[in-house]
Amino acid sequence: MSWLINIINGPNLNFLGKREPELYGKKTLKDVEKSCLETAKDNNLKIKFFQSNAEHDLIDWIHSSREEANGIIINPAAFSHTSIAILDALTLFEGPIIEVHISNIHKRENFRHHSYVSQKATAVIAGFGIDGYNIAIRKMADLCSS
Ligand code: DQA
């Protein structure tokens, strides 16, 4: 049986590759999705990959994950630092949640040091660049099978 993981990306991540490449790298979100699909296949997981700049879309995808997904990997981007609504939506989800940040948010401005989402996340990965998504998928495979 193969588990389904929803990978949810927040605002401005559609500009990955063009946006502050010194911080976020030169790979695009499409590249990230492609590498996630490969890692998921190697780990016998299925994934669905989402991105939106709108908070309500992220909340709707978290809600639909309740019915259809075994785990959530989320990079809430700037909403990590502001959104109690996303935290509340994640609280409705019963499976494992891995929060991913491409950059090390703790090395950056003070306002990035706190994430509401971390309060509900099973684990947080920050600072490994886009490889954080692949690490999250591998760890998700362990969590789902344990
Ligand atoms: C980010 C870090 C956030 O502080 C920032 O707002 C982002 C991206 C990251 O992946 O490093 O948009 O989540």
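**Terms and values**

Tutor: R112 is buried in this predicted model, with a relative accessible area of 16%.

Student: Why is R112 called buried?
Tutor: Buried means under 20% relative accessible area. R112 has 16%, so R112 counts as buried.

Student: What makes R112 and E109 a salt bridge?
Tutor: Their closest N and O atoms are 2.7 Å apart. The cut-off is 4 Å, so the pair qualifies. R108, E109 and R112 are linked in a network of salt bridges.

Student: Why is E109 called partly exposed?
Tutor: E109 has 35% relative accessibility.

Student: Which label does K30 get, buried or exposed?
Tutor: K30 has a relative accessible area of 60%. Exposed means over 50%, so K30 is exposed. K30 also forms a salt bridge with E33, with the closest N and O atoms 3.1 Å apart.

Student: Why are E33 and K30 about one helical turn apart?
Tutor: Because they are 3 residues apart in helix 2 (residues 29-42).

Student: How do you know that S80 is buried?
Tutor: The relative accessible area of S80 is 0%. That is under 20%, so S80 is buried. S80 lies in the loop between strand 3 and helix 4. Among the residues that S80 touches are E99, H101 and H114.

Student: Why do the buried residues of helix 4 line one face?
Tutor: These residues are I86, L87, A89 and L90. Seen down the helix axis, they fall within an arc of 160°, so they line one face of helix 4.

Methods:
Residues are numbered from 1 along each chain as its sequence is written. This is a predicted model: local features need pLDDT of at least 70, side-chain atom pairs count only at pLDDT 80 or more; totals for chains, interfaces and linings use all residues. Side-chain values use heavy atoms; hydrogens and water are left out. Buried means under 20% relative accessible area, exposed over 50%, partly exposed in between (1.4 Å probe, protein chains only). Helices (H or I, at least four residues) and strands (E, at least two) are DSSP runs, numbered from the N terminus. The arc is that of the directions from the helix axis to the C-beta atoms. Contact means heavy atoms within 4.5 Å. A salt bridge is a side-chain nitrogen of Lys or Arg within 4 Å of a carboxyl oxygen of Asp or Glu. Lists of a residue's contacts leave out its neighbours within four places in sequence.
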